[in-house]
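Dear colleague,

Please find below the structure I am handing over to you, together with its sequence. My findings follow directly after it.

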Amino acid sequence: MDLQKNKVYRCQITDYTADGTGFAKIEGRAVFVPRTAVGDQCDVRIVKVTKNVAFGRVEKIIVPSAQRTAPACPVADKCGGCCYQHITYGEELRAKEKKVRDALTRIGGQDGAKLLAITGAPTTEHYRNKAQYPVGRDKEGSIVTGFYRPRSHDIVPVEKCLIQSETADKIAAVVREWMTEFSVMPYDYEKKRGTIRHIYVRVGEKSGESQLTLISATKKMPKLDVLVERLRAAAPSLTGILLNHNQRDDNVILGNRTDVLWGEPMLEDRLCGHTFLLSPEAFYQVNHAQAERLYACAVDYAGLTGEETVLDLYCGAGTITLALAEHAKTAIGVEIVPEAIENAKRNALRNGMENTEFFCADAGQAAQRLAKRGIDVLVVDPPRKGLDATARDAILKMQPPKVVYVSCDPATLARDVAELCGAGYTLEKAQAFDLFPRTFHVETVVFLSKGEIDSKKVRVEFSLEDMDMSGFQNDATYGQIKERVLQQTGLKVSSLYIAQVKQKYGIIERENYNKPKSENARQPKCPPEKEAAITEALKFFGMI
């Protein structure tokens, strides 16, 4: 019998989804229940039923999980910023480590044992050095800042956020009061009118500096001098107050033009022993303490001796690039955001890192152009969508012996790892880091090796033409080869493609095997990624 909407069922939560939602099986159907903990026995009301899954909400917790805890945040059940305020931090780390391991095994087809234990954060409160508050009105018409309710654009008012810096909350409060006093309207995304869209605050963990960027849909607003005066009095750490102009119709936060209202256009901070100047557009990890651990792991995985040329794609303001340059002959950084590249160049000069180069370009296009340079180690730290097709193709064309992949999304990481491993790379090890306590996000560093030749081994070249391959022809069936390829890479390959690869390696096929019926028919050619996967299978079965 199928689940009925609005009916209450008793169940036990057994797992978490990738976004931190509790998971249960009710009458054989997968049901997703927010704000629950593994081990909870609860009554759940079904609120939505689809063809394959259902969604519910907790009506009553009958037996609470041993991992459940009282949320320290008063709006934890409403705000979409955090999803793990109701469980212990140990349980959160367990869930995140499992999330990464599941992605690497189920999507990536890798050995889950390659993932080391997750590195937790030293603190779960006030760790963020970057806050972007949306601005709106509540039901009474008062101006509020906060964070969006899950799966909506309704703002949950938050005056003191437990994961944002206290400085950011204080600055947001000053802006709210100024907007209220001088009738500066929040921007209404539905009506396409109003002024202030976001309040963007960045703080330097080591420098102690802070920076405010107001994102506005209009060029003019009253009493900016009063705002500047009040901000400087309330937050002495401020070194710059900026105004960013954004008249776009979408949800992109920053516009293309930023003016300085007062102070400096850049925020200064120190990370991994280097000093950085950061524009509002530049990428910079939000958790300083954990970022240093993350980057130290990336450098360690790179295994540099001082003789290598390293390419850092998606380099941002050059944070990883400079850490790599300390141990490499040359470190090259690539980023598509012009402001970030300018930051990176200045940061390299500021830190005396003369063995660095920076290019403003798309990651895939840059990788293609730099392939001829002879890259020894490739480091990538892409956005959540992972590597695009151009970047992956360029990496496979470049064939660097080592790839260090820093990821903020386990699913796209696993997809890209499967692609690279299908083309001849081997996942050697992986390490997860919690940079975002109380949220479902997690960072991971993986090390992939081409594993071609050890320097102490001798390369032997020989021809297959005169070899008798008949003894190998029956080592594995087409079905076994297909199964091996699917298991290792997730790719489905046809008998035709297997035949083409076997012929390439001198494994003789029957005269008419997979020949087209028409003499003029054109056979599809085996794609490179599938050829690499089939080749791996042939090697596995000892056929080549």
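In this predicted model, the charged end of arginine 197 is placed over the ring of tyrosine 187, 4.8 Å from the ring centre. A charge is taken to sit over a ring if NZ of Lys or CZ of Arg is within 6 Å of the ring centre and within 35 degrees of the ring normal. Lysine 450 likewise lies over the face of tyrosine 425, at 4.6 Å from the centre of that ring.

As to conventions, residues are numbered from 1 along each chain as its sequence is written, and side-chain values use heavy atoms, with hydrogens and water left out. Because the model is predicted, local features need pLDDT of at least 70 and side-chain atom pairs count only at pLDDT 80 or more, whereas totals for chains, interfaces and linings use all residues.

Aromatic pairs

Rings of Phe, Tyr and Trp (its six-membered ring) pair if their centres lie within 6.5 Å; planes under 30 degrees apart count as stacked, over 60 as edge-to-face and the rest as tilted. The count by this rule is 6 aromatic pairs. Tyrosine 16 and tyrosine 84 make an edge-to-face pair, with 5.8 Å centre to centre and 85° between the planes. Both of these tyrosines are buried, that is, under 20% relative accessible area, where exposed means over 50% and partly exposed lies in between (1.4 Å probe, protein chains only). The ring centres of phenylalanine 23 and phenylalanine 32 are 5.9 Å apart with planes at 50°, so this pair is tilted. Phe23 and Phe32 form one aromatic cluster with Phe55.

Cysteines

With a disulfide defined as a pair of cysteine sulfur atoms within 2.5 Å, the structure holds 0 disulfides. Cysteine 360 is in none, and the nearest cysteine sulfur, in cysteine 315, is 9.1 Å away. Cysteine 360 counts as partly exposed at 42% relative accessibility. Cysteine 526 counts as buried, at 6% relative accessibility; its sulfur is 18 Å from the closest cysteine sulfur, in cysteine 421, which is too far for a bond.

Confidence

The mean pLDDT (the predictor's confidence in each residue, from 0 to 100) of the chain is 89, and 92% of its residues reach 70 or more. Over residues 453-474 the pLDDT is below 50, and over residues 509-521 it stays under 50. Where pLDDT is low, the predicted coordinates should not be read in detail.

Yours sincerely

Definitions and conventions: Contact means heavy atoms within 4.5 Å.
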